[in-house]
Amino acid sequence: MKVAAVILAAGRSSRFEDGHKLLAEIDGIPIIRHVCAAVAASGVDEIVLVTNEPDGAVARAAGAGRWRIADNPNASHGLSTSLRAGIENCPSDADGILVALADMPGITAAFIDGLLTVFKSAPDTIVFPQSADGVNGHPIIWPATLRADLQTVTGDTGGKTVLAAHKHLWRPVRCTDAGPFADIDTRGDLAAFIEPTGSGMD
């Protein structure tokens, strides 16, 4: 079974004060590199990193790895454009597509592998982390049957509308780790993330 991964990293980072959030460092490593490294260390088969400049600062900060860059010149039109660009660059025979957000440095390879295990046992479902109080997180693994639906989304909502329309396919994985729910949009978010947190998945 083949699962491709898409990392969405073409945003403008307009809310992050004095710089680009994906270039901010945690333990001396840019956020984008943390996310790319976690996905690359997991069991996904191929990785597409979507940026708005193939040779730009974000791509350079990601560095070399087993991902390839997909350009999204329409990134200013919303997250959906990056989602479409990523999916278009995934292999046509992928059984599933894992979509990760580049501003979530708390995701780990081990956690991704846990999601992959669940998906491979039920490859027609949508697999994603969910907190004890019902909050949905990322990454999300989408079945190949929803590929066309994801390529029709518009605006700045990513796959939310597709997720809401297919609740019968949900396969949430209970998660107590903060990583799949913590995205970095502001300097305050970054400071809060750096504080110690518990982790776990069941």
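User: What makes Ile 32, Val 39 and Trp 142 stand out in the largest nonpolar core?
Analyst: Of the 64 residues in that core, these three touch the most other members. A nonpolar core here is a set of buried Ala, Val, Leu, Ile, Met, Phe, Trp, Tyr and Cys residues joined through side-chain atoms within 4.5 Å. Helix H1 (residues 31-40) gives the largest share, seven residues. Mind you, this is a predicted model: local features need pLDDT of at least 70, side-chain atom pairs count only at pLDDT 80 or more, and totals for chains, interfaces and linings use all residues. Residues are numbered from 1 along each chain as its sequence is written, and side-chain values use heavy atoms, with hydrogens and water left out.

User: Why is the pair of Phe 128 and Trp 170 called edge-to-face?
Analyst: Rings of Phe, Tyr and Trp (its six-membered ring) pair if their centres lie within 6.5 Å; planes under 30 degrees apart are stacked, over 60 edge-to-face, the rest tilted. Phe 128 and Trp 170 sit 5.3 Å centre to centre with 90° between the planes, so they pair, edge-to-face.

User: Why is Phe 128 called buried, and why is Trp 170 called partly exposed?
Analyst: Buried means under 20% relative accessible area, exposed over 50%, partly exposed in between (1.4 Å probe, protein chains only). Phe 128 has 0%, so it is buried; Trp 170 has 25%, so it counts as partly exposed.

User: And what makes Thr 186 buried?
Analyst: Its relative accessible area is 15%, so Thr 186 falls under the 20% limit.

Note on methods:
Helix = DSSP H or I, 4+ residues; strand = E, 2+ residues; numbered from the N terminus.
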